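I set out to record, entry by entry, what I looked up in one structure.

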Amino acid sequence: MMQRRMRHLAGITILFLLFSSLFVGPATSAPDKKPKSQTERKEQQGPGNGNGHARGQTSSSATTSGSIDVTSTTTASATTIAPTTTSASTTTSSSTTTAPAIDPTTTLAPTTTASSPTTTGATNTTTTTTGLPTTTTSSTTTTTTIGPVDWVSPEGVTIRIDSDGAWTVDQVYQMLLANALDLDLIGPTLTIHVQDVYASSASTSASSSGGVYNSFNAILYLEGVDSSFVNTPDAILAHEYGHVWSMYHYYLSQGGMWDGYLAARDLTDDSRLNSSYRWTLTEIIADDYKLLFGSPETLAQRPNHMNWEIPHPS
């Protein structure tokens, strides 16, 4: 009987010791703190190291913490639930911390939106490059090149090129220098206009005060396409400049009188004067000028006088 009691007490003692060791062990176990430390470290590193990676390691740490008391979950549930809950809370907190880090991924939507305006901008640029504005600009540039070009010579002559013909200011100016007498005197009063509307001609005007002419202006038109000027440019320019030169001196040197010229040409009482184009006084004197003062090119192009019924001016 005594032996049976001793055996019974020994069994109870062993059970008590076993029960005590199981109760005390999980509550003071060091591994319970280590997962918390790892979890806290992962919470601090999570947003910086990437969302998925930080959350995965935190969850793994919580699982390790829970696996320590798998056998004592029933007996020490009150003690082990706290770390598990803390660990779960930590995991939830980690998830919550990780959630804002998803915003950069969400930011991809604005990035896509930003890409759309960029594409639209590129389209606008293409439209601008290939559309009507470019054509208009090109047209304007062409018009500027073909359109009126004004230049004033050192002598004061204004030369305007406004023609579809292949004329340049320098071409016209060089022909003028070769054929123009008294250019320093007449130049400031003269405009030469190369154009495609009027036949080659000269227009002159003068003003007077007290019966005395004191100012003079002239425009010399040269027809730039499909004209006699295209075929014999030097001769036409010399003849038209002859009009300007003779009228300048008619007004400002001769006081509006032709007497000296008519006497020199033996035409004072000639009834044929001004009866037809070739007998027009101003045309006769312009062609006299061409033959007396024209360049070699002028004489080669038109060596004869327009009025073959009068003597050569030389």
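The entries below follow the order in which I consulted the structure.

**Entry 1: basis.** I noted that this is a predicted model, in which local features need pLDDT of at least 70 and side-chain atom pairs count only at pLDDT 80 or more, while totals for chains, interfaces and linings use all residues. Residues are numbered from 1 along each chain as its sequence is written, and side-chain values use heavy atoms, with hydrogens and water left out.

**Entry 2: strands.** I took helices (H or I, at least four residues) and strands (E, at least two) as DSSP runs, numbered from the N terminus. Two strands pair if DSSP finds at least two bridges between them. I found that β3 (residues 190–195) pairs with β5 (residues 212–223) in the parallel sense over six bridges; Leu-190 has Ala-218 in β5 as its bridge partner. Strand β4 (residues 201–209) runs antiparallel to β5, and nine bridges join them. Here I located Ala-202, whose bridge partner in β5 is Leu-220. I also saw that β4 and β5 form a hairpin with two residues between them, and that Gly-210 in the turn has a positive phi of about 65°.

**Entry 3: helix α11.** I then looked up burial (buried is under 20% relative accessible area, exposed over 50%, partly exposed in between, with a 1.4 Å probe and protein chains only). Of the 20 residues of α11, 19 are buried, so the helix is largely enclosed by the rest of the structure.

**Entry 4: salt bridges.** I counted a salt bridge where a side-chain nitrogen of Lys or Arg is within 4 Å of a carboxyl oxygen of Asp or Glu. The count comes to six. Asp-150 and Arg-160 form one, at 2.6 Å from N to O. Asp-150 is in strand β1 (residues 149–152) and Arg-160 in strand β2 (residues 158–162), 10 residues apart. Asp-150 is partly exposed at 45% relative accessible area, and Arg-160 is partly exposed at 32%.

Entry 5: Are Lys-290 and Asp-287 buried or exposed? I read 3% for Lys-290, which is buried, and 3% for Asp-287, which also counts as buried. Their closest N and O atoms are 3.3 Å apart in a salt bridge. The two residues are three apart in helix α13, and so separated by about one helical turn.
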